[in-house]
Amino acid sequence: MMIRKFETKDTEQVMQIWLTANLDAHDFVPKEYWTAQYPFVQEQLLQAEIYVYEQEQTIRGFVGMMGDYLAGVFVEQSCRSSGIGKSLLDCVKKHHAAFSLNVYEKNQRAVKFYLREGLSIATKGMDEDTGEADFTMIWEKK
């Protein structure tokens with residue numbers, strides 16, 4: 001297993017994980033929302049700082065940063081709760097002194113994960129695209 005920087009050849013595997021993870025974690029958001037976001041996200045990948053978690057030549061998860069904003073930690077469904085998300089988040093913590101992210105309030109699994117990993121809820125807001133309540137969470141190096 002290894003964590004490495006994203007390469008263009010990883011795009012298809014990364015996008016498949018992105019779509020599947022979003023559909024799975026956000027069943028309260030219409031599926032069409034995620035499929036409509038797909039081309040935009042694929043374009044953003046090439047401008048983001050992305051690290052992939054690779055195991056046996058297969059990408060099992062990835063994390064994406066846009067500056068000091070964490071766009072998300074995504075792990076293949078069959079590999080969740082195996083430490084991959086934590087490893088990817090630790091990688092980001094090594095490269096950034098502070099960062100923020102947004103997470104849907106209804107995605108309790110993710111909220112609990114980020115709280116356990118030392119992030120705190122800064123504000124509660126609303127995602128204008130979906131009309132869902134979300135939290136802005138922050139992390140700073142101690």
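A: Asn22 is buried, with a relative accessible area of 3%; buried denotes under 20% relative accessible area, exposed over 50%, and partly exposed in between, for a 1.4 Å probe and protein chains only. The model is a predicted one, in which local features need pLDDT of at least 70, side-chain atom pairs count only at pLDDT 80 or more, and totals for chains, interfaces and linings use all residues. Residues are numbered from 1 along each chain as its sequence is written, and side-chain values use heavy atoms, with hydrogens and water left out.

Asn22 belongs to helix H1, which covers residues 11–25. Helices (H or I, at least four residues) and strands (E, at least two) are DSSP runs, numbered from the N terminus. Leaving aside residues up to four places away in sequence, Asn22 touches Trp34 and Phe74, where a contact means heavy atoms within 4.5 Å.

Turning to the chain, four helices and seven strands are present, in the order β-α-α-β-β-β-α-β-α-β-β from the N terminus. Of the contacts with a separation of 6 or more, 58% join residues 24 or more positions apart. Buried residues account for 44% of the 142 residues. The radius of gyration of the chain, 14 Å, agrees with the value near 14 Å for a compact globule of 142 residues; this radius is taken over C-alpha atoms, and the globule rule is 2.2 Å times the number of residues to the power 0.38. The C-alpha trace spans about 40 × 40 × 30 Å along its principal axes.
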